[in-house]
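I opened the model today to look up a handful of residues and the space around them. My notes follow in the order in which I checked things.

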Amino acid sequence: MDWYDRLNDYFPEYEMKNEGQIQALINEKDAYHKEETDDYLLLYAEFPTFIFIDYLLINPATRGQGIGTKIINKLKEKGKDIILEVEPMDRQDEDTVKRVHFYLKNGFVKADRIEYSWEDENGENYEMKIYYWSPNADLPQETILENMAKACQEIHNFRSQQYYGRMVANPEEVLHLKH
């Protein structure tokens, strides 16, 4: 199965980027990377001060063998903050619970002061949670918000007009800091 089909089979439709957009990110953005093996698929952007994990998929047949933790630890070795988006935990959906527990187990913290939601092209509203890991124990959530805004601008909105006819994640509209 090709890498995009693997992602598309696992992630909810509203989280999926257009295949052409992802291919353009890989081919044209030096910061954007794809790592693929039979065991996992990782798409991420590495900026000067942080890493944004766009997609991390562990082969269902090899989950629970420490592969995801090894990938996260390899990224942590770069010594940069790491941010990612996670669906809100839904007790009725075991995958969402396992996903959140995986990130918490690996030292990630939920950015509880950041609200992140957007509308799809049909006007349906979706909420995501931002999780982060930092080598700096006192990382302010304002910094996480700035980093997430940069990821929205440079990754989610990369050629979004071409692929979706609109800006998909205008940081000023989709990200808010609770006071």
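I began with N59 and its neighbours: leaving out residues up to four places away in sequence, N59 touches D38, D39 and Y40, where contact means heavy atoms within 4.5 Å. This is a predicted model, in which local features need pLDDT of at least 70 and side-chain atom pairs count only at pLDDT 80 or more, while totals for chains, interfaces and linings use all residues. Residues are numbered from 1 along each chain as its sequence is written, and side-chain values use heavy atoms, with hydrogens and water left out.

N59 sits in the loop between β3 and α3; helices (H or I, at least four residues) and strands (E, at least two) are DSSP runs numbered from the N terminus. I looked next at the side chain of N59, which reaches the backbone oxygen of D38 at 3.0 Å and the backbone nitrogen of A61 at 2.8 Å. For polar contacts I used pairs of N or O atoms within 3.5 Å, of which, within protein, one must be able to donate a hydrogen and the other to accept it, and residues adjacent in sequence count only if both atoms are side-chain atoms. N59 counts as partly exposed because its relative accessibility is 23%, given that buried means under 20% relative accessible area, exposed over 50% and partly exposed in between (1.4 Å probe, protein chains only). I also noted that the C-alpha atoms of N59 and L25, 34 residues apart along the chain, are separated by 23 Å.

What does K80 touch, beyond residues up to four places away in sequence? I found E46, F47, P48, T49, F50, I51, W133 and P135 around K80, which is placed in the loop between α3 and β4. The side chain of K80 is joined to that of E46 by a polar contact of 2.9 Å, and a polar atom of the K80 side chain lies 2.8 Å from the backbone oxygen of F47. Is K80 buried or exposed? K80 counts as buried, because its relative accessibility is 16%.

I then turned to E35 in strand β1 (residues 32-36), whose side chain makes a polar contact of 3.3 Å with the side chain of K74. Apart from residues up to four places away in sequence, E35 touches Y40, L41, L42, Y44 and K74. With 18% relative accessibility, E35 also counts as buried.

Helix α3 (residues 67-76) was my next stop, and its buried residues are I67, G68, I71, I72, L75 and K76. An α-helix has 3.6 residues a turn, so residues three or four places apart point the same way. The buried residues of α3 pack against β2 (40-46), β3 (50-58), β4 (81-86), α4 (94-105) and β7 (125-133). Within this helix I picked out G68, which counts as buried because its relative accessibility is 7%. G68 touches I58 and F102, not counting residues up to four places away in sequence, and its C-alpha is 8.3 Å from that of L57, eleven residues apart in sequence.

I looked up R159 for its backbone: phi of R159 is near 55°, a positive value in a residue other than glycine. R159 lies in the loop between α5 (141-156) and α6 (160-164), and at 33% relative accessibility R159 counts as partly exposed.

How much space lies in the largest pocket? I noted about 1000 Å³. The largest pocket is lined by 45 residues, and F11, E15, D54, Y55 and E87 lie nearest its centre. β3, α3, β4, α4, β6 (114-119) and β7 each supply at least two residues of this lining. For the search, on a 1 Å grid over the protein atoms alone, a pocket is an open set of points where a 1.4 Å probe fits, with protein on both sides within 12 Å along at least five of seven lines, and lining residues have an atom within 4 Å of a point. Grid points are joined across faces, edges and corners, and a volume is the space filled by probe spheres set on the points.

Buried residues make up 47% of the 179 residues in the protein. Among contacts between residues at least 6 apart in sequence, 59% join residues at least 24 apart.
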